[in-house]
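These are my notebook entries on one protein structure. I record what I looked up, topic by topic.

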Amino acid sequence: MPPPLRGILESALYSADLPAARDFYRRLLGAEVLLESDRLVALALPGPGVLLLFRRGASDEALPTPGGLVPGHGASGVQHLAFAIDAQAVEGWRAHLQALGVPIESDVRWPRGGTSLYVRDPDGHSIEFATPGLWATY
């Protein structure tokens with residue numbers, strides 16, 4: 001067995017329009033900008049989590065830093081990201097999304113009792129807000 005994990009620290013999405021993605025997620029999540037450059041925007045999530053928004057193609061090559069080399073990475077096409085929310089927060093998220101003019105693309109009730117709300121960001125990525133009961137582990 002591997003050593004225990006503490007959760008996901010970073011998740012990344014790749015954007016054709018970094019300012020539009022930054023503004024969308026700041027409004028959607030109320031997220032604080034931790035770092036912003038022409039290459040990326042790092043947004044604070046609850047706990048130690050960070051959402052990294054990279055300008056599409058800007059992270060394909062390795063990045064030398066004073067502390068070492070960050071390997072290149074990237075993605076193309078539509079990506080997916082799910083945020084964990086409490087079951088009691090579903091209606092609040094519905095109202096928040098409506099107030100922002102963000103349409104709910106899908107509303108799924110899972111066999112284990114969870115609920116997922118799906119929306120699209122400015123790049124068309126599938127963004128999910130999921131309650132416990134989605135997976136056996138959540």
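What pattern does the protein follow, read along the sequence? I read it as β-α-β-β-β-β-β-β-α-β-β-β, with two helices and ten strands. Helices (H or I, at least four residues) and strands (E, at least two) are DSSP runs, numbered from the N terminus.

I noted the ground rules next. The model is predicted, local features need pLDDT of at least 70, side-chain atom pairs count only at pLDDT 80 or more, and totals for chains, interfaces and linings use all residues. Residues are numbered from 1 along each chain as its sequence is written, and side-chain values use heavy atoms, with hydrogens and water left out.

**Entry 1: overall extent.** I found that the C-alpha trace spans about 45 × 45 × 25 Å along its principal axes. Of the 138 residues, 35% count as buried. Buried means under 20% relative accessible area, exposed over 50%, and partly exposed in between (1.4 Å probe, protein chains only).

**Entry 2: helix H2.** Which residues of H2 (residues 90-100) are buried? I listed Val90, Trp93, Arg94 and Leu97. These residues lie on the same side of H2 because they cover an arc of only 105 degrees around the axis; the arc is that of the directions from the helix axis to the C-beta atoms. In general, an α-helix has 3.6 residues a turn, so residues three or four places apart point the same way. The face of H2 turned away from the buried side carries the exposed residues Glu91 and Ala99. I then checked what covers the buried residues of H2, and the cover includes H1, strand S8 (106-109), strand S9 (115-120) and S10. After H2 comes Gly101, with a positive phi near 75 degrees.

**Entry 3: nonpolar cores.** A nonpolar core is a set of buried Ala, Val, Leu, Ile, Met, Phe, Trp, Tyr and Cys residues joined through side-chain atoms within 4.5 Å. The largest has 23 residues, of which Tyr25, Leu51, Leu53, Leu97, Ile127 and Phe129 touch the most other members. H1 gives the most to this core, with five residues. I also noted a second, separate core of six residues, which includes Tyr14, Leu40, Ala42 and Phe54.

Contact means heavy atoms within 4.5 Å. Apart from its neighbours within four places in sequence, Leu97 is in contact with Leu28, Val102, Ile104, Leu117, Val119 and Phe129.

Entry 4: Is Ser126 buried or exposed? Ser126, in strand S10, is buried, with a relative accessible area of 12%. Leaving aside neighbours within four places in sequence, its contacts include Gln79, His80 and Tyr118. Gln79 lies in the loop between strand S6 (68-70) and S7 and is buried as well, at 11% relative accessible area. Not counting residues up to four places away in sequence, Gln79 touches Ala12, Leu13, Tyr14, Arg56, His125 and Ser126.

**Entry 5: the lining of the largest pocket.** How do the residues of this lining divide? I recorded 21 nonpolar, four polar and three charged. Ala, Val, Leu, Ile, Met, Phe, Trp, Tyr, Cys and Pro count as nonpolar, Asp, Glu, Lys and Arg as charged, and the others, Gly among them, as polar.
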